[in-house]
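Subject: Structure handover

Hi,

Here is the structure you asked about. Please have a look, then read my notes below.

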Amino acid sequence: LVIDYITPSVIQKHLSKTAAKLAELSDDTLLSYPAMADPSKIMAMELMADLYESIAFVGKQDKLPIIPSKMIQITLKHGMSSLSPLAFVQYGNYCALIRQSYEVGMHYVKLGLALM
């Protein structure tokens with residue numbers, strides 16, 4: 001499977017990149033982010049949301065963090081889509097439940113809910 005090529009180091013690279021980009025932006029900036037307009041990026045977000053469910057279903061939960069991380073990176077570059085809030089909530093869950101950064105996790109879950 002292609003998913004097997006996603007190693008822990010690749011996942012960590014994407015998570016670090018996402019955390020660094022998010023650290024540069026305030027909540028107010030994110031809450032007023034422009035809408036995503038590029039149909040190909042909107043479709044990519046839809047495919048990644050579906051992929052997240054598929055990866056969970058086939059038992060590759062260790063690969064899951066790369067999906068919301070990449071969705072947030074696309075959001076920050078191309079604007080908010082209807083699925084961006086989901087990515088922030090999933091990222092927050094990862095921060096809280098896996099990394100045990102509860103405050104950071106709660107922050108991004110609340111941000112995702114505010115974006116809905």
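Start with Lys-77, which sits in helix α4. Helices here are DSSP runs of H or I with at least four residues, strands are E runs of at least two, and both are numbered from the N terminus. Lys-77 is exposed, at 66% relative accessible area. Exposed means over 50%, buried under 20%, and partly exposed in between (1.4 Å probe, protein chains only).

A caution on the source: this is a predicted model, where local features need pLDDT of at least 70, side-chain atom pairs count only at pLDDT 80 or more, and totals for chains, interfaces and linings use all residues. Residues are numbered from 1 along each chain as its sequence is written, and side-chain values use heavy atoms, without hydrogens and water.

Lys-77 also belongs to a positive surface patch, together with Lys-13, Lys-17, Lys-21 and Lys-70. (Patch residues have over 30% relative accessible area and no salt bridge, with like charges joined within 9 Å; a salt bridge puts a Lys or Arg side-chain nitrogen within 4 Å of an Asp or Glu carboxyl oxygen.) Helices α1 (8–23) and α4 (66–78) each give the patch at least two residues. The largest share, three residues, is from α1.

Now the whole chain. It has six helices and zero strands. Of its 116 residues, 41% are buried. The C-alpha trace spans about 40 × 35 × 20 Å along its principal axes. The radius of gyration is 13 Å, which agrees with the value near 13 Å for a compact globule of 116 residues. That radius is taken over C-alpha atoms, and the globule rule is 2.2 Å times the number of residues to the power 0.38.

Best wishes

Technical notes. Patches are made of residues with over 30% relative accessible area and no salt bridge: like charges are joined within 9 Å, nonpolar side chains (Val, Leu, Ile, Met, Phe, Trp, Tyr) within 5 Å. Accessible areas come from the Shrake-Rupley method with a 1.4 Å probe; for residues, only the protein chains shown count as cover. Lys and Arg count as positive and Asp and Glu as negative; His and the chain ends are not counted. The place of a charge is taken as NZ of Lys, CZ of Arg, CG of Asp or CD of Glu.
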